[in-house]
Amino acid sequence: MPTERFKVRVTKDHLVFCCGHFISYEGHRCERLHGHNYRAAVEVEGPLAADYYVFDFVALKARMKEITDDLDHHMLLATRNPVISVEDGEASVRVRYKDREWVFPRGDCRLLPIENTTAELIARYLAGRLLESLRVQHGFAPEVLRVEVEENIGQSATFEWIP
């Protein structure tokens with residue numbers, strides 16, 4: 001007997017967020033401060049509900065837009081990076097890597113509980129926030145959730161969550 005699987009995917013030009021960031025790499029290097037016009041896509045898999053949807057497109061887009069809008073026009077800083085120090089102050093955030101130092105206005109930053117602001121880990125962060133939002137606001141838990149983060153045309157990373 002054949003197995004049926006259903007999934008829905010949303011990616012729209014309004015699921016974009018423009019952010020500054022930098023990453024550490026190769027254990028001892030740190031990129032220069034730069035930014036991207038990120039674009040997100042989300043895909044959920046699950047059985048058809050009584051209304052013959054896996055999940056409502058409109059609600060899925062709305063939940064993801066809330067999350068991407070929260071990041072838009074902010075400096076993304078990873079708080080769990082082993083070589084980049086992030087000190088969260090009341091008015092500013094001080095960031096250090098070896099002899100380099102940056103100070104950002106607190107309101108311009110999003111401190112993310114991740115190890116590095118790579119597209120892979122940003123996708124995982126978005127997926128975690130989306131899962132929580134779907135559970136709390138809709139009582140929905142997908143069988144599979146995928147979040148893709150594109151940081152440039154033809155250059156993206158995908159995080160997949162399977163319970």
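1. Strand pairing. S10 and strand S11 (residues 155-161) pair in the antiparallel sense through seven bridges; strands are DSSP runs of E with at least two residues, helices are runs of H or I with at least four, and both are numbered from the N terminus. Two strands count as paired if DSSP finds at least two bridges between them. Glu-148 has Thr-158 in S11 as its bridge partner. In the hairpin of S10 and S11, two residues lie between the strands, and Gly-154 adopts a positive phi near 80°.

2. Basis of the model. This is a predicted model, in which local features need pLDDT of at least 70 and side-chain atom pairs count only at pLDDT 80 or more, while totals for chains, interfaces and linings use all residues. Residues are numbered from 1 along each chain as its sequence is written, and side-chain values use heavy atoms, with hydrogens and water left out.

3. The other partner of S10. Strand S4 (residues 34-45) is joined to S10 (residues 144-152) by seven bridges, and the two run antiparallel. Glu-43 stands opposite Arg-146 in S10.

4. Helix H2. This helix (residues 119-138) has 20 residues. Its buried residues (under 20% relative accessible area, 1.4 Å probe, protein chains only; exposed is over 50%, partly exposed in between) include Leu-121, Tyr-125 and Leu-134. Just after H2, Gly-139 has a positive phi of about 60°.

5. Cysteines. Zero disulfides (pairs of cysteine sulfur atoms within 2.5 Å) are found in the whole structure. The sulfur of Cys-18 is too far for a bond because the closest cysteine sulfur, in Cys-19, is 6.6 Å away.

Technical notes:
The expected span of a helix is 1.5 Å times one less than its number of residues.
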